[in-house]
Amino acid sequence: MIGPGARGPAGDAAPPFAAVAAMPSTTEMSLRAFLQTPHARMPDYRLTTAELDGVVGWILAQKSR
Ligand code: HEM
């Protein structure tokens with residue numbers, strides 16, 4: 001299912017983007033840093049600058065929902 005309450009393939013382990021956006025510690029810079037470093041339970045994405053811009057913008061856009 002796709003939508004605000006959708007869960008990813010990791011089920012309950014991965015926070016929904018809306019929950020990530022709502023965390024006080026989440027900023028554009030924190031997302032860029034997170035997405036450019038490896039994380040044990042997450043696939044090792046290598047995003048281009050354009051992809052990074054899009055994903056960061058998308059997550060931050062969930063802030064007010
Ligand atoms: C475009 C794809 C993805 C993006 C942009 C993304 C982004 C993020 C972000 C920003 C967090 C940080 C939450 C925090 O700061 O606490 C996170 C955590 C996490 N993600 Fe992803 N994620 C993606 C795909 C995935 C996939 C496909 C999986 C699983 C197969 C996954 C598994 C996890 C898990 C388990 C966490 C929990 C925190 C951790 O272990 O570090 N993610 N993700």
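The following is a chat about the predicted model shown above.

Visitor: Before we start, what kind of model is this, and how are residues numbered?
Guide: It is a predicted model, in which local features need pLDDT of at least 70 and side-chain atom pairs count only at pLDDT 80 or more, while totals for chains, interfaces and linings use all residues. Residues are numbered from 1 along each chain as its sequence is written.

Visitor: Okay, how many helices and strands are there?
Guide: The chain has three helices and zero strands, and its elements run α-α-α from the N terminus on; helices (H or I, at least four residues) and strands (E, at least two) are DSSP runs, numbered from the N terminus.

Visitor: What share of the residues counts as buried?
Guide: Of the 65 residues of the chain, 0% count as buried, where buried requires 20 or more other C-beta atoms within 10 Å of a residue's own, exposed means 12 or fewer, and partly exposed lies in between, with C-beta atoms placed from the backbone.

Visitor: And H3, is that buried or in the open?
Guide: The number of buried residues among the 12 of H3 is zero, so H3 lies largely in the open.

Visitor: How do H2 and H3 sit relative to each other?
Guide: The axes of H2 (residues 28-35) and H3 come within 10 Å and cross at roughly 130 degrees, the axes being lines fitted to C-alpha atoms, for helices over the stretch in contact, with angles from 0 to 180 degrees between N-to-C directions. The two helices are therefore oblique to each other, given that angles under 35 degrees count as roughly parallel, over 145 as roughly antiparallel, 65 to 115 as roughly perpendicular and the rest as oblique.

Visitor: Which residues meet there?
Guide: From H2, Glu 28, Leu 31, Arg 32 and Leu 35 meet Leu 52, Val 55, Val 56, Ile 59 and Leu 60 of H3, a contact requiring C-beta atoms, placed from the backbone, within 7 Å.

Visitor: Switching topic, where is Ala 18?
Guide: Ala 18 lies in helix H1 (residues 17-22) and counts as partly exposed, with 16 C-beta neighbours inside 10 Å. The C-alpha atoms of Ala 18 and Lys 63 are separated by 6.5 Å, although these residues are 45 apart along the chain.

Methods
Two residues are in contact if their C-beta atoms, placed from the backbone, lie within 7 Å.
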